[in-house]
Amino acid sequence: MEDCEKDHENKRTKDRSPSPDVKSTAVVKYTAFQSPVGYARLQCNTDLNLPPSNWGGIDSYGLKQILTRGTGLSSFRMAHLFPDCVGEVDVISDAECIKKLLKLPYQPNGTVSMMVHRVENTLLLDDFDVYDYLMKSEWSWLKDFFYENILKTMSEKERMSLTSARSASALQLTHKFLSHSVLERPQPLPASVPITPMCIAGPHLPEPDPRPEEPTPENSYNRNVLWTFEDIQMLIGSNLPIFGDKDRPCVSLRLRDAREPINVLTGIDYWLDNLMCNVPEVLMCYHLDGIVQKYEPMKTEDLPNMENSKFSPKVVRNVAQNILSFLKSNVTKSGHTYWLFKGPHDDVVKLYDLTSLCPDSLDNPFTTPVAMLLYRVARNMRLMNRTKHVRQLLEHVAQLLQVERYPQIVASSHYMLADLYVPATTNPACPDFKDESSDSDEESDFGNYAEFRDSASDRDPCERESNTSERDDNIEGENDTEKQKKVDAENLSSNKENEEQNNLVISQGESLALQVRQLTLKDAKNKYTHNTSGKQSGGPSLGVEVPDRCGRALSHALKGLLALHHITTDKSTEEERARVKQQIINEEQHPKMANPYEPIKMDYEPINKKMEAPKEHLSRSRRRRRERKQSEKTENYLIEANSNVDKNAILIRKENNAYPTWNEPNRDDNFAWKLHLKTLLYEKICLAYATLAEYSYAHEQYGFSLKYIDLASKCQKLLSSMIIKSRVVDPSCLIGRVGDNYFQLSKNWNNLGQFQKQFDTDHEIDGRIKQEIEIDLVEEIEDAVCKDFDMNIRIPSSDIEAMMSSCSYYRQASEVSPGGAHKRDELLRRLASVCNELAVRYMNDGQHIYMKYVDEPDQKSVKAKLLLKQLNSMSKKSAECLDEATTIFQDVKDVPNLALLYCNKARYMRFKAHCDQGGFNAEKRSYYSQAEDLYTSALKLLGLRESCGAASIWDLVSWELSCHLYTKAVLMQESPAIYASEVTEVAEAFKHALKYCLLSPGPRQYLYQFRAAMIYHRLGSLYHSQYRITMEDGPKRRTLLNATCTNYDKAATQFAALEDPSMFLTVRLEHVAALEAHAQASPNLKLKSLQTAIELLRQSHSVMTLLKTRDQEEKDAAKPEENDEKSLKNEHSLLCLYENRLHHILKNIIQYCRSKSNKDYEKMTDMYKKLYCASLKIVKSEDVRSYAGSICDVLMTMDGISKEFS
């Protein structure tokens, strides 16, 4: 229990039961008067028939409540006053109903007639006056059933017992006795309304209508008590007066006739009253014909042992547990009205489902009041954020009420149902729906396409079957059991027979079928065996899937809109609109102020939540601050905190009050309520569609996303233009998401057919909602329509059109953005990105057009001129897009993206240079210079790689610059006009390209190493060519030779590491050719040059081994490829050239040595002769692997020969 409830005014000990035989505690939830109140013992012979001095005055202690009995559905009124108890307690009822049930086994001739309802796991019990409800009504179907099935089996005496009640004279005498006994005049407590827990913020919703058949009673119970009896929790209403003095601080007063002994029923009555109110003793005043005789005190725990009225508290406990188990097992449907009835001399208590008895074509008298009270309970539970079973209650309300008679309540119920599925605080980008259990027969049928269908619960009259509790063999013997009426052995034999009784069905005609459940009185006394079958199951959950939740929310919102059509007004629509407009203006000019005499309610949360939430919040805030500091330190606008929420998603409004701010309409103001509920329903529709749009976008269903955004924008357009204006979604986010979808369409253009099908798929609910919006756009809007949400959304015809549409919507979103500079900058950043993509697309299209133009045989033809015109147009559009993107990134100071854009602009310059068909002229040189400047500017923007915070972008720019310089150098090297005069510039370009080609480990290391090897090869070839054309022998020639050999050697090393045999042999043979040329030009160094060439050829052993061991399967798989076939031919040619140069150089060395007469040369001649003989053993083959294997074997033989002469 809550601490505030434990510290009640009485501060009595709650853990001590007034009767130790059973566990009983009572906590007062609400009391209308101070208690206990002082009392005075009346003197002997005081005449109670005379009215006291305070007779007829103000009832300041609620003593008159004993003269009247509560009528109507009192349990529902208590449920409304204490919504926190609904679903938590087992029973809510009047104390008299509870006592009547617990006295059943001791009152075999008694009559029980009660109405039973179920709300969640709580049973609501109310007294059911048969004649008041049936004999005086026009409910013919119920009257006929009562006559046919109940009254026909009763005698006249038994029929009269149905209306028997306590004599009015005895009640009047008791009232006078209590009035005489009051010593002081207590004042009513200032709080006339029980304090209910604080509710969460929510929109105004209509109050339920009172029952037209029954005025709302003004009287309430003197005391509402939360009574725990053993393991049963009950919220009861009690009118028991409690008195006290210094000797007996808490006592109940009872008036007894001295001539009549206290029977067992009276004893149980006194005992239960004291238990329910936690009163430890009773003071009995005995009288004779109204003359006071004596007082006799008695402890509550002694009441079961009084003479002539002995009873067992444990039997009463068993009765309570068994009856509760019986009711919970059979009262299973919320919204149904059950009748618990026991006639005089009946051995069983029967339970009828009256709701299933009434045909749909007839008026059910219980439908409207039950539905209204279910609505009240559900609304209060929802406001208290207790949504576990609200769904089931509201679905019953919508099913039970006639929409024509109660459109406001039905519409409000559907709104609350929609709000359960999609709460007003839902973030469309991250809905985070909780899987809360609910009791509904509705099954999920919403798939990825969000196919919606109307839900309907079957009104099956059949109930779940349950067994009565098993009997214990050891039944406690009590003296009062002799007073019980003997029951048939058939009713006592076994649980199996009890089940047969429970399954008894009484039929009335063909159309009426009623299921009856029975509990024997004998079984009610037996020891209770715990049975979990009576626990109401949770049923299907609300679900966590976004299409499912949003689809059901839209279904209920549509039903709510259709219900509003039945609201009628006395005046014309124009007059009502003018009145509501003026009312809103008055409320804005004269806002409602706080009352200085009324406290302002403050929100609160349970303590356990308060202890956990701040830690999570603080840790999250610290993480954000740390990430923000790191981002500002590095000035990197691309690196962001890891988050699962898309920062570009559709946002709902962030105002503190998420609901319309105008005051609650008057109860009878139908037109104002219609506008108010319509606003709430359209807000829910807009939020649901925004959530579906985000879900579809995240799951790459861009056709669905565009369709839902279109519907959300139409709905928001209506909300922004109605009398009660409301804005659910941020317009810039909504329009920006349209741009995102169009951009994604362009990137996934191959799936256009699928997206078109998604966009054209229009479900029934979508179509009907669209019709409602169109109708209300005509009816509701008078002033200028809000144009922020005017969007002509359709599927584009080409990917370029999709990107252009994306840019258009980004521009529109940036113009209506109310979120400050940060949100606008983000939209502009997305616009610049799409402009960049569009520029690249134009460049690619231009390249294709250029290739077609080049392939034209006559470049002066009409077709060629048209292609050239298209090429210039594409070039111009690309330049415009790049300039726009550059301007935007400069404005928003997005350094990384600006660097990437400079790269694309440099690529554009290279594209223009490529389209120039001339040689490496001045114009082409200018384009390449501008591109180099742009690459250099990009690197300067980023700064040093180690501190820029965007190393990947720095690497990309550096690689692009290296590629650019390499391409420029290759073009210059291959241009005959510049070949001789610009050697140094070409070499510097190659060296700069090598400088920006990073060889550090990474995913692109192979590409970088291959480029570096190619640069070394190109440099070697460049110096080699210069060496050949340099005639005079001198330092320059020697320097060129050294540079040639050095670069060839580095290139060969790189290609060997990359395991590229073809390029390795090419570089190695070029290197050998340079040495041969040097040998011819320098006779003094001829032998040394030729020996070096032989050593280079012999160092090819690893590459030959690679060719020899190449996988045959890879080779066979590569045969069909033309490029691979050329590569194999090239390798074969290189091997032939290798063999040829090996033979030729060895012969030249032998000839050179034989021309010398020195002994050393003779020895050298012998060695090279053997080497030459070994080289002749190379077997030439068309198979590269065999050819290379033969060379590899010869090289190994030559290595052995060299070791012999070393």
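This is a short walk through one protein chain, from the whole down to single residues.

The model is predicted: local features need pLDDT of at least 70, side-chain atom pairs count only at pLDDT 80 or more, and totals for chains, interfaces and linings use all residues. Residues are numbered from 1 along each chain as its sequence is written, and side-chain values use heavy atoms, with hydrogens and water left out.

Start with the whole chain. It holds 40 helices and 13 strands. Both kinds of element are DSSP runs, numbered from the N terminus: helices are H or I with at least four residues, strands are E with at least two. Of the 1206 residues, 52% are buried. Buried means under 20% relative accessible area, exposed means over 50%, and partly exposed lies in between (1.4 Å probe, protein chains only). The chain exposes about 58000 Å², and carbon and sulfur atoms supply 49% of that area. Such areas come from the Shrake-Rupley method with a 1.4 Å probe; for residues, only the protein chains shown count as cover. Now take contacts, meaning heavy atoms within 4.5 Å. Among contacts between residues at least 6 apart in sequence, 77% join residues at least 24 apart.

Next, look at strand β6, residues 232–238. Of its 7 residues, 6 are buried. Two strands pair if DSSP finds at least two bridges between them. Strand β2 (residues 91–94) runs parallel to β6, joined by 4 bridges. There, V91 stands opposite M234 of β6. Strand β5 (residues 223–229) runs antiparallel to β6, with 7 bridges. V225 has I236 in β6 as its bridge partner. β5 and β6 form a hairpin with 2 residues between them. In that turn, E230 has a positive phi of about 55°.

Move along to an open sheet of 3 strands. Its order is β7-β8-β9, and the pairing is mixed. The edge strands are β7 (252–257) and β9 (291–299), each pairing on one side only. Neighbouring strands of this sheet are turned by 25° against each other on average, direction ignored. Angles run from 0 to 180 degrees between N-to-C directions; axes are lines fitted to C-alpha atoms, for helices over the stretch in contact. β7 and strand β8 (residues 281–288) run parallel, joined by 6 bridges. R256 stands opposite Y286 in β8. Helix α8 (residues 264–277) packs on the sheet and touches β7 and β8. The direction of α8 makes about 170° with that of β7.

Most residues other than glycine have a negative phi. N278 is not a glycine, yet has a positive phi of about 60°. N278 counts as buried, at 6% relative accessibility. E700 also shows a positive phi of about 60° without being a glycine. E700 sits in the loop between α19 (670–698) and α20 (702–719).

Another loop residue is T337, between α9 (313–330) and β10 (338–342). Is T337 buried or exposed? T337 is buried, with a relative accessible area of 1%. What surrounds T337? Leaving aside neighbours within four places in sequence, T337 is in contact with M115, V116, H117, Y352, D353, L354, T355, F366 and V370. With H117, the side chain of T337 makes a polar contact of 2.9 Å. A polar contact is a pair of N or O atoms within 3.5 Å; within protein, one must be able to donate a hydrogen and the other to accept it, and residues adjacent in sequence count only if both atoms are side-chain atoms.

K869 lies in helix α26 (residues 862–892). K869 counts as exposed, at 61% relative accessibility. E774 lies in helix α23 (residues 764–780). E774 is partly exposed, with a relative accessible area of 46%. The C-alpha atoms of E774 and C715 are 9.4 Å apart, although 59 residues separate them along the chain.

Finish at helix α40, residues 1184–1205. Its 22 residues reach 32 Å from first C-alpha to last, close to the 32 Å expected at 1.5 Å a residue. The expected span is 1.5 Å times one less than the number of residues. At the start of α40, a side-chain oxygen of D1183 reaches to within 3.3 Å of the backbone nitrogen of R1185. The buried residues of α40 include Y1187, I1191, V1194, L1195 and M1198. An α-helix has 3.6 residues a turn, so residues three or four places apart point the same way.
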